[in-house]
Amino acid sequence: MQRILVIGSPGAGKSTLSHALAARTGLPLHHLDRMFWLPGWIERDRDEGRAILGGVLAQDRWIIDGNYGSTLPLRLTRADGVVWLDYSTKLCLGRALKRWWSYRGTARPDMTEGCPERLDLEFLHYILTFRRNWQARNAAALAGFGGEIVRFTSPAEAECWLALQ
């Protein structure tokens, strides 16, 4: 795989796995959060964000981590592999809380500078409903995908796979 999407719920560990995968494969890593957010948690103009994404997609090799469901069909047209972290809501919620505590008041490394880690009811609700709302949607989007799909339901599965890369 030379063009890999890493998808999953907030808190699943997309960025952590993506960093480890990039280190093992030498593939350049790109974060959708950086493409679509400006400092101060201002959403980038949609067309501008898609233009940035288009520039990355045009490259021969990459890892792109993040969801942004409206861009999934566009990303799938260029990807040759998808890593889907399909973890339990409980695990993702716990990891999101841990991430918030670790980075509170500062921007995490995969986020645009000037977007300090935050935790609010809207974000918690998004995590709590993510699997119910996105599992079928992701499965449907991936049904026609011709590349390799690697779907993990536990971090242990992902760690074993990563060790082989």
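Which residues does Serine 9 touch, not counting residues up to four places away in sequence? Keep that in mind while we walk towards it.

**Before you click.** This is a predicted model, in which local features need pLDDT of at least 70 and side-chain atom pairs count only at pLDDT 80 or more, while totals for chains, interfaces and linings use all residues. Residues are numbered from 1 along each chain as its sequence is written, and side-chain values use heavy atoms, leaving out hydrogens and water.

**Select the whole protein.** Show it as a cartoon and you can follow seven helices and seven strands; these are DSSP runs, helices being H or I of at least four residues and strands E of at least two, numbered from the N terminus. Tracing from the N terminus, the order reads β-α-β-α-β-β-α-β-α-β-α-α-β-α. The C-alpha atoms fill a box of roughly 40 × 35 × 30 Å along the principal axes. Of the 165 residues, 42% count as buried, meaning under 20% relative accessible area with a 1.4 Å probe and protein chains only.

**Select Serine 9.** You will find Serine 9 in the loop between strand E1 (3-8) and helix H1 (14-25). Serine 9 is buried, with a relative accessible area of 3%. Now for the opening question: Serine 9 touches Lys14, Leu85, Cys92, Ile127 and Phe130, leaving aside residues up to four places away in sequence. A contact here means heavy atoms within 4.5 Å. Across the protein, among contacts between residues at least 6 apart in sequence, 72% join residues at least 24 apart.

**Select the cavity lining.** Rolling a probe the size of a water molecule over the atoms shows where empty space is left. A search of the whole structure turns up one cavity of 30 Å³ or more. On a 1 Å grid over the protein atoms alone, a cavity is a set of points where a 1.4 Å probe fits but cannot get out, and lining residues have an atom within 4 Å of a point. The largest cavity holds about 40 Å³ of space, a volume being the space filled by probe spheres set on the points, with grid points joined across faces, edges and corners.

Key:
Buried means under 20% relative accessible area, exposed over 50%, partly exposed in between (1.4 Å probe, protein chains only). On a 1 Å grid over the protein atoms alone, a cavity is a set of points where a 1.4 Å probe fits but cannot get out, and a pocket is an open set with protein on both sides within 12 Å along at least five of seven lines; lining residues have an atom within 4 Å of a point.
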